[in-house]
Amino acid sequence: MKLFGIVTVIGLLAWCVVAQEHAGSDGGEWPECGSEENAHRGEFTPYDYSALAFMLVVSLGIGVFYGYFVKPKKDADPESNEFLLGSGMTVFPVTLSLTTSFITAIELLGNPSEMFFSGTQYALIVISALLVIPVAVKMFYPIYYKLNLTSCYEYLGMRFDNKLRVFGGILYILQMSFYTSVAVLAPAIALSKATGLDTHVAVALIYFVCIFYSSQGGMKAVVIADTFQACVLAISLILVVALGWHYTGGPGEVFSMANEHDRIELLNTDVNPTTRHSVYSVIIGGFFYWTSLFCTNQASVQKCMSLKSLNKAKKAIYFAILGLVLVFLFNFYTGLMTFAHYAECDPLRSGQISEKDQLVPFYVMDVFGHIKFVTGIFVAGIFAASLGTVAAALNSLSAVTCEDILVAGVGLKIPPEKASKYAKWMSLG
């Protein structure tokens with residue numbers, strides 16, 4: 001049986017290699033055009049820096065306000081819950097916070113380039129996001145509210161034992177540490193090469209701002225900052241699409257150009273595992289991806305648990321996923337719009353950009369760079385996505401470390417009056 005299994009695995013690997021050799025390249029053929037020497041490159045001006053600085057300063061100000069000027073009410077939950085759960089939050093800010101938590105800067109830069117180079121098959125990911133709604137509101141969150149959890153890993157302790165709870169907490173800490181690192185560094189590199197914004201400065205700014213307002217203001221600061229950053233993100237998306245409509249063309253022209261160059265593809269049912277995207281991989285794979293983010297990820301669970309009732313949490317999930325779908329659709333359209341603009345000239349092949357993720361920043365700088373503040377607002381939107389991802393991770397990591405590692409794992413007894421200080425130090429750490 002072992003020999004049969006080894007032979008089967010080798011056979012499958014060989015088949016995949018052969019199939020990959022026969023798979024077509026992404027995007028087909030492109031005409032030669034342009035060069036890096038004659039490419040028009042915008043400049044990150046003081047106007048753009050001021051737009052970015054405004055977003056960062058407001059985010060810092062939210063942390064200062066909730067950290068130093070807003071005190072927990074006397075009849076409120078213990079201070080630890082106030083810091084970790086932001087008890088008594090309302091639906092609207094939690095909805096926007098949930099939406100921004102898992103819209104990473106990588107997706108904002110990667111989704112348009114996917115449409116540009118490979119076509120629209122990946123756009124079906126929005127269907128899998130919608131399929132998660134009934135699973136979240138019928139299966140997962142009723143249990144979380146019934147058990148009144150701070151950490152979703154508490155369920156593992158109740159269902160099995162503390163060892164599994166601690167193990168789950170440690171895995172989450174490792175996962176989110178690596179996840180946030182990639183979610184910040186990758187877009188910073190892309191932005192630096194396309195706009196000239198220094199990579200180290202970008203990463204340092206994102207982490208400094210996030211660490212400050214999440215460690216000082218707790219969950220309320222994170223949620224309110226996410227609400228503001230969601231507005232910045234929405235403005236940047238709408239601005240790019242509106243200006244693209246004027247400079248590149250309307251939806252009719254954009255979709256016509258995409259269809260002409262075989263970029264419109266939605267029903268690829270090929271079962272070949274080397275196919276880049278198919279109906280099965282995007283919808284089925286995407287369903288489990290979104291389920292893990294909205295139903296079992298501590299960052300999402302913690303924000304929903306900050307609402308007073310299950311009904312409010314359900315509303316937040318409904319609107320958050322719908323908001324996510326809307327952002328993704330704007331993002332996908334941006335990719336098709338960019339394709340319509342460069343349909344006769346691939347910026348990557350012509351040497352105007354060196355990586356696919358630089359496509360949208362290059363487009364913004366190339367086409368709209370002469371308009372004051374536009375590039376800065378676009379970069380602020382990318383920064384907002386990174387801030388939302390990191391802030392959600394920091395607050396959830398603080399909760400998991402305190403509740404699952406220190407209390408449940410180590411057996412440390414944290415006095416209620418000192419719980420907030422412990423949580424703040426964990427967030428900083």
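Colleague: What should I know before I start?

Modeller: This is a predicted model, where local features need pLDDT of at least 70 and side-chain atom pairs count only at pLDDT 80 or more, while totals for chains, interfaces and linings use all residues. Residues are numbered from 1 along each chain as its sequence is written, and side-chain values use heavy atoms, with hydrogens and water left out.

Colleague: How many aromatic pairs does the structure hold?

Modeller: The structure holds 19 aromatic pairs, a pair being two rings of Phe, Tyr or Trp (its six-membered ring) with centres within 6.5 Å, called stacked if the planes are under 30 degrees apart, edge-to-face if over 60 and tilted for the rest. One of them is the edge-to-face pair of F116 and F339, with 5.5 Å from centre to centre and 75 degrees between the planes.

Colleague: Which helices do F116 and F339 lie in?

Modeller: F116 lies in helix α5 and F339 in helix α13, so the pair ties together parts that are 223 residues apart in sequence; helices here are DSSP runs (H or I, at least four residues), numbered from the N terminus.

Colleague: Is F116 buried or exposed?

Modeller: F116 is buried, with a relative accessible area of 0%, where buried means under 20%, exposed over 50% and partly exposed in between (1.4 Å probe, protein chains only).

Colleague: New topic: where is S214?

Modeller: S214 is placed in helix α9 and counts as buried at 0% relative accessibility, and a polar atom of its side chain lies 2.5 Å from the backbone oxygen of C210.

Conventions:
Helices (H or I, at least four residues) and strands (E, at least two) are DSSP runs, numbered from the N terminus. A polar contact is a pair of N or O atoms within 3.5 Å; within protein, one must be able to donate a hydrogen and the other to accept it, and residues adjacent in sequence count only if both atoms are side-chain atoms.
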